[in-house]
Amino acid sequence: MFFERPDAGETAILVHVDFHDEKEREDPGEFLELVRSAGAEPATLLQGSRHRPDPRTFIGSGKLEELQELKQIHHAELVIFNHALSPSQERNLERALKSRVLDRTGLILDIFAQRARTHEGKLQVELAQLEYMSTRLVRGWTHLERQKGGIGLRGPGETQLETDRRLLRARIKSIHKRLDKVRSQRDQNRRARARAEIPSVSLVGYTNAGKSTLFNTLTESHVYAADQLFATLDPTLRRLEVNDVGPVVLADTVGFIRHLPHKLVEAFQATLQEASDASLLVHVIDAADPDRELNVGQVETVLGEIGALDVPTLRVMNKIDLLDTAPRIERDGTGRPEVVWVSAQKGLGMDLLYQALSECLADDVLEAHLTLDPSQGRLRAALHDLGAVREESFDDNGKIRLDIRLPRRDFMQLMARLGEKANDYLPPEQRERPVWD
């Protein structure tokens, strides 16, 4: 660690303050889930109400005395605030309480540090932690604000704090370089998928909405899924077959949360880029959550920060098994699917979700009747391999009549590969027009 602070314990006193400004309000229920997700044991919750935070201790002198009493009663070694604290507020609280104080941002960072599994995820979390820590280095270093003296102890002409800040900046710069390499590799992979014309679908949504469970149900994967906040940090990509579309890349991404720290959004740019470059966003929503509309607003706020608001979106209302409602598709005025009601855990409505994905991604589906000579068995076999043949019959002359349905793109690619002219097989109204028309 870059500064000295009292050792942390598992038993924690929680502090939540209600402000009159709706934008500043936090959810105490969500706060409790965050604390449990971090592995702490909540002893009690201290609540209060203020017009604005106290500039010195955030909660004021009266609540601070009450907090000191609760800390002694429960023998707690950790105090967690459901709000963002300034470095000076955190320092003043630690001095008064003689214990470790953690704010909402630090709590979320701690959860992220526990959940990161891949090298990229660990780098992103470390970057966010260092950026957050850089403003708090002054704590615990007052005894080192002088230059060291004595034989063998003379420094390079700077205080220990200055040395530490320099090392921290160097580490941040190093992580940025490594993440730039990750970002360029992801960009290269996305360009390769774009050249192959493979659509990409990203699952986005509020944390614990059921994205990973839905991902596992659709792809028959075993990505870690749990009823806890931020169960998923590292993006996972899987191949998915969708009717009339073909192969699709499905991405499971990190969940969003109210007042997600900006440093985290910046650090996870490489991961969140999967969402901004997707062909379709599947916004997974916990249908049973009473605050679902607020959560939807928070997700859209983060999508705006990463430039993904213009990406076509399909909403999925998940966890309908907790409600008295049946799977269904809701459509807009043009008939395009807007909302699909499902239960990922129970597997309800998955067929409707596949149908909606097909309709959203298959912009140009070709339906045609082909007549082939017996000598064109290669084309017939290729169409069967693509799963494009819906009906097949033979006339008295041995000619083959096929009813086909497939993406026009796949048909054109197949004909080019076989050296055939697609327009020779299609009726006039379905033929490709020359560029100069």
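Student: Is Lys-181 buried or exposed?
Tutor: Lys-181 is exposed, because its relative accessible area is 62% (over 50% is exposed, under 20% buried, partly exposed in between; 1.4 Å probe, protein chains only). This is a predicted model, where local features need pLDDT of at least 70, side-chain atom pairs count only at pLDDT 80 or more, and totals for chains, interfaces and linings use all residues. Numbering runs from 1 along each chain as its sequence is written, and side-chain values use heavy atoms, without hydrogens or water.

Student: Which element holds Lys-181?
Tutor: You'll find Lys-181 in helix α6, residues 160-195 (DSSP runs numbered from the N terminus: helices are H or I, at least four residues; strands E, at least two).

Student: OK, strands now. Why is β7 largely enclosed?
Tutor: Strand β7 covers residues 246-252, and six of its seven residues are buried, so the rest of the structure largely encloses it.

Student: Which way does β5 run against β7, parallel or antiparallel?
Tutor: Parallel: β5, residues 200-205, is joined to β7 by four bridges (strands pair if DSSP finds at least two bridges between them). In that pairing Ser-202 stands opposite Ala-251 of β7.

Student: And how many bridges join β6 to β7?
Tutor: Seven, and here the strands run antiparallel, with β6 spanning residues 236-242. Glu-241 sits opposite Pro-247 in β7.

Student: How many residues lie between β6 and β7 in the hairpin?
Tutor: Three residues, and Asp-244 in that turn has a positive phi of about 65°.

Student: What about phi at Lys-98?
Tutor: Lys-98 isn't a glycine, yet its phi is positive, about 55°. Lys-98 sits in the loop between α3 (87-97) and β4 (100-102). At 66% relative accessible area, Lys-98 is exposed.

Student: Where does Asn-208 sit, then?
Tutor: Asn-208 is in the loop linking β5 and α7, the latter being 211-219. Its phi is positive too, about 70°, although Asn-208 is not a glycine. Asn-208 counts as partly exposed because its relative accessible area is 23%.

Student: New topic: which loop has Ser-221?
Tutor: Ser-221 is in the loop between α7 and β6.

Student: Buried or exposed, that Ser-221?
Tutor: Buried, because its relative accessibility is 11%.
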